[in-house]
Amino acid sequence: MPFINIRITKEGATAEQKQKLIEGATQLLVDVLGKNPASTFVIIDEVETDNWGVGGQSVTKLRADAKK
């Protein structure tokens, strides 16, 4: 029973985009590992950019600094 956890920043991914992620991740496990798609679970966690850090800075700050 494969379990895939996708974490993305919460910045407006559409339901259609999330559906494509679920389909694509499931198909990857089918193609590479021969897993049964009916028993493959995919969870998408959306994380606020204030709660996601890179290089000691929040993504919120990094994106704001990039706009300057």
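Leaving aside neighbours within four places in sequence, Val42 is in contact with Ile4, Ile6, Ile22, Ala25 and Thr26, where contact means heavy atoms within 4.5 Å. Val42 is found in strand S2. With a relative accessible area of 16%, Val42 is buried; the term buried stands for under 20% relative accessible area, exposed for over 50%, and partly exposed for what lies in between (1.4 Å probe, protein chains only).

The model is predicted, so local features need pLDDT of at least 70 and side-chain atom pairs count only at pLDDT 80 or more, while totals for chains, interfaces and linings use all residues. Residues are numbered from 1 along each chain as its sequence is written, and side-chain values use heavy atoms, with hydrogens and water left out.

## Overall architecture

The secondary structure of the chain comes to 2 helices and 4 strands. Helices (H or I, at least four residues) and strands (E, at least two) are DSSP runs, numbered from the N terminus. Along the sequence, these elements follow the pattern β-α-β-β-β-α. The chain has a radius of gyration of 15 Å, well over the 11 Å that the globule rule gives for 68 residues, so it is more spread out than a compact globule. That radius is taken over C-alpha atoms, and the globule rule is 2.2 Å times the number of residues to the power 0.38.

Along its principal axes, the C-alpha trace spans about 45 × 25 × 15 Å. Of the 68 residues in the chain, 19% are buried. Among contacts in the chain with a separation of 6 or more, 63% are between residues 24 or more positions apart.

Helix H1 comprises residues 15-33. Its 19 residues should span 27 Å at 1.5 Å a residue, and its end C-alpha atoms are 27 Å apart, which agrees. The expected span is 1.5 Å times one less than the number of residues.

The buried residues of H1 are Ala25, Thr26 and Leu29. Seen down the helix axis, they fall within an arc of 95 degrees, so they line one face of H1; the arc is that of the directions from the helix axis to the C-beta atoms. An α-helix has 3.6 residues a turn, so residues three or four places apart point the same way. Strands S1 (3-9) and S2 are included in what covers the buried residues of H1. The face turned away from the buried side carries the exposed residues Glu16, Lys20, Asp31 and Val32. Ala15, also found in H1, is exposed, with a relative accessible area of 59%. Just after the helix, Gly34 takes a positive phi of about 70 degrees.

The largest nonpolar core has 6 residues in all: Ile4, Ile6, Ile8, Ala25, Leu29 and Val42. S1 and H1 each supply at least two residues of this core, and S1 gives the most, with 3 residues. A nonpolar core is a set of buried Ala, Val, Leu, Ile, Met, Phe, Trp, Tyr and Cys residues joined through side-chain atoms within 4.5 Å.

In an unreviewed entry, UniProt places the feature "active site" at Pro2. Pro2 lies in the segment before S1 and counts as buried at 11% relative accessibility. Not counting residues up to four places away in sequence, Pro2 touches Leu29, Lys35, Ser39, Thr40 and Phe41.

The UniProt annotation "domain: 4-oxalocrotonate tautomerase-like", also from an unreviewed entry, covers residues 2-61. This span is 37% helix and 30% strand, and its end C-alpha atoms lie 35 Å apart.

Thr49 lies in the loop between strand S2 (41-47) and strand S3 (53-54). At 15% relative accessibility, Thr49 counts as buried. Thr49 touches Thr9, Glu11, Ser58, Val59, Thr60 and Arg63, not counting residues up to four places away in sequence.

## Separations in sequence and space

Terms used
UniProt positions are given in the numbering used here, feature names are shortened, and annotations may be inferred rather than shown by experiment.
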